[in-house]
Amino acid sequence: MAETRHTKVLIIGSGPAGYTAGVYASRAMLNPILVQGIEPGGQLTTTTEVENYPGFTEIQGPDLMIKMQEHASAMGCEIIGDIITDLDTSARPFKATGDSGTVYTTDAVILCTGARAKWLGLDSEEAYKGFGVSACATCDGFFYRGQEIVVIGGGNTAVEEALFLTNFASKVTLIHRRDELRAEKILIDRLMKNEKIEPLWDHVLEDVLGEDTPKGVTGVRVKNVKTDAVSEIPCKGVFVAIGHAPANELVKDVLELHNGGYVSVKPGTTETSIPGIFAAGDLTDHKYRQAITSAGMGCMAALDAERFLAEQE
Ligand code: FAD
Ligand code: NAP
């Protein structure tokens with residue numbers, strides 16, 4: 001028979017937001033349960049060096065996440081390897097159903113399910129992820145000092161990434177599938193004025209080119225969508241910036257959302273549109289999307305949940 005567990009606070013997700021919420025909720029004596037999901041440790045387990053998490057000049061992403069897990073666990077957070085497949089928010093206590101069959105009833109929920117960069121889906125893109133192909137300029141731009149880089153996309157993210165990458169790269173080619181950007185005008189103005197950036201209109205990426213020893217990108221093959229002409233551009237880095245998709249599947253029909261699917265929170269808090277449900281990290285944040293901002297929001301969510309539960313009593 002399926003097990004039912006009750007907790008005061010259920011934390012869904014095990015990235016920086018989830019584990020930080022776990023630390024704070026444990027220290028508030030709320031005995032939280034944290035369900036890790038399909039990717040224990042979250043997005044940072046998919047990268048190598050992290051150089052911008054305070055306290056660590058350099059640390060491997062997976063190592064940082066193990067430290068966060070150990071920290072939450074040491075504070076008393078119960079960490080469970082399960083995936084929440086359904087969340088019933090219609091009545092309190094809320095009811096979350098795990099893939100394992102376990103039913104978690106809870107007085108408050110902290111959603112920390114993160115977001116995923118969208119990828120083009122090319123085999124060569126997959127093959128060179130972490131070896132020249134990236135979806136995070138803030139994370140990886142520093143590794144391309146003096147190199148030529150291409151950025152794929154035409155939205156705010158692509159333009160911001162291209163502008164940011166000019167701090168390191170000798171040249172940035174912005175490859176967009178149309179001849180018009182959907183980014184904000186102010187960003188487009190900055191892009192057009194930047195002498196290091198060359199837009200390449202009406203082109204799509206056909207393949208990432210590279211070598212195996214040492215493994216790395218050497219260029220890209222692109223196609224002009226109007227003429228079908230194929231050409232190659234030498235480069236060391238390929239930044240795919242075609243949008244992010246928040247992991248909102250559990251709540252997309254019940255919570256208020258913004259910017260195409262991110263969970264809305266009351267400004268300055270982690271309160272969602274349903275009292276008792278809090279959201280933190282990349283799930284709510286289309287703008288910063290960093291480990292440290294996610295951790296900060298995880299802290300806020302635990303404090304908000306503590307206050308909410310105290311008010312209920
Ligand atoms: P995530 O890390 O996205 O974690 C989401 C968690 O939710 C996962 O554990 C997942 O298993 C869980 N989950 C999802 N659905 C469910 C479910 N239904 N049930 C249970 N659990 C669920 N940021 C930096 O600051 N510095 C960097 O150097 C850096 N490098 C990066 C490199 C790469 C390749 C990528 C992709 C991102 C990088 N980032 C970096 C961004 C950083 O990883 C994210 O901002 C951060 O991880 C977001 O944390 P989060 O806790 O919101 O969610
Ligand atoms: P986006 O606005 O959805 O733009 C995605 C871009 O990638 C579009 O130009 C799109 O082309 C292109 N694209 C999508 N799929 C593609 C594919 N398969 N092949 C080639 N190109 C593809 O995503 P975003 O730029 O990440 O922005 C997401 C949201 O966050 C937006 O609401 C944005 O305003 C917001 N944001 C805000 C800021 C800020 O306020 N500073 C910063 C970043 C993001 P088309 O144009 O042809 O569709």
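Visitor: I'm new here, so how many aromatic pairs does the count come to?
Guide: Before we count, residues are numbered from 1 along each chain as its sequence is written, while chains are lettered from A and ligands numbered from 1 in the order in which they are written. This is a predicted model, where local features need pLDDT of at least 70, side-chain atom pairs count only at pLDDT 80 or more, and totals for chains, interfaces and linings use all residues; side-chain values use heavy atoms, with hydrogens and water left out. Rings of Phe, Tyr and Trp (its six-membered ring) pair if their centres lie within 6.5 Å, and planes under 30 degrees apart are stacked, over 60 edge-to-face, and the rest tilted. By this rule, the aromatic pairs number six.

Visitor: Which kind of pair do Tyr144 and Phe239 make?
Guide: Their ring centres are 5.6 Å apart. The planes stand at 80°, so the pair is edge-to-face.

Visitor: How many residues apart in sequence are the parts that this pair ties together?
Guide: Helices (H or I, at least four residues) and strands (E, at least two) are DSSP runs, numbered from the N terminus. Tyr144 lies in the loop between α4 (137–140) and β11 (148–152), and Phe239 in strand β17 (residues 237–240), so the distance in sequence between the parts tied together is 95 residues.

Visitor: Is Phe239 buried or exposed?
Guide: Buried means under 20% relative accessible area, exposed over 50%, and partly exposed in between (1.4 Å probe, protein chains only). Tyr144 has 11% and is buried. Phe239 has 0%, so Phe239 is buried.

Visitor: And what kind of pair do Phe278 and Phe308 form?
Guide: Their ring centres are 5.9 Å apart, with planes at 70°, so this pair is edge-to-face. Phe278 sits in strand β21 (residues 277–279) and Phe308 in helix α7 (residues 291–312), 30 residues apart. Both Phe278 and Phe308 are buried, and the name for their pair is edge-to-face.

Visitor: Which residue has its charged end over the ring of Trp119?
Guide: A charge sits over a ring if NZ of Lys or CZ of Arg is within 6 Å of the ring centre and within 35 degrees of the ring normal. Arg145 lies over the face of Phe142, at 4.0 Å from the ring centre. At Trp119, the charged end is 4.1 Å from the ring centre and belongs to Lys129.

Visitor: What is the bridge partner of Leu209 in β15?
Guide: Two strands pair if DSSP finds at least two bridges between them. Strands β14 (residues 203–212) and β15 (residues 215–224) run antiparallel over nine bridges, in a hairpin with two residues between them. In β15, Leu209 is bridged to Gly219.

Visitor: How much of the accessible area of ligand 1 does the protein cover?
Guide: An oxygen atom of ligand 1 is 2.8 Å from an N or O atom in the side chain of Ser14, a polar contact (N or O atoms within 3.5 Å; within protein, one must be able to donate a hydrogen and the other to accept it, and residues adjacent in sequence count only if both atoms are side-chain atoms). Accessible areas come from the Shrake-Rupley method with a 1.4 Å probe; for residues, only the protein chains shown count as cover. Of the 1000 Å² that ligand 1 has on its own, the protein covers 92%.

Visitor: And how much does the protein cover for ligand 2?
Guide: An oxygen atom of ligand 2 is 2.5 Å from an N or O atom in the side chain of Thr157. Ligand 2 has 910 Å² of accessible area on its own, and the protein covers 76%.
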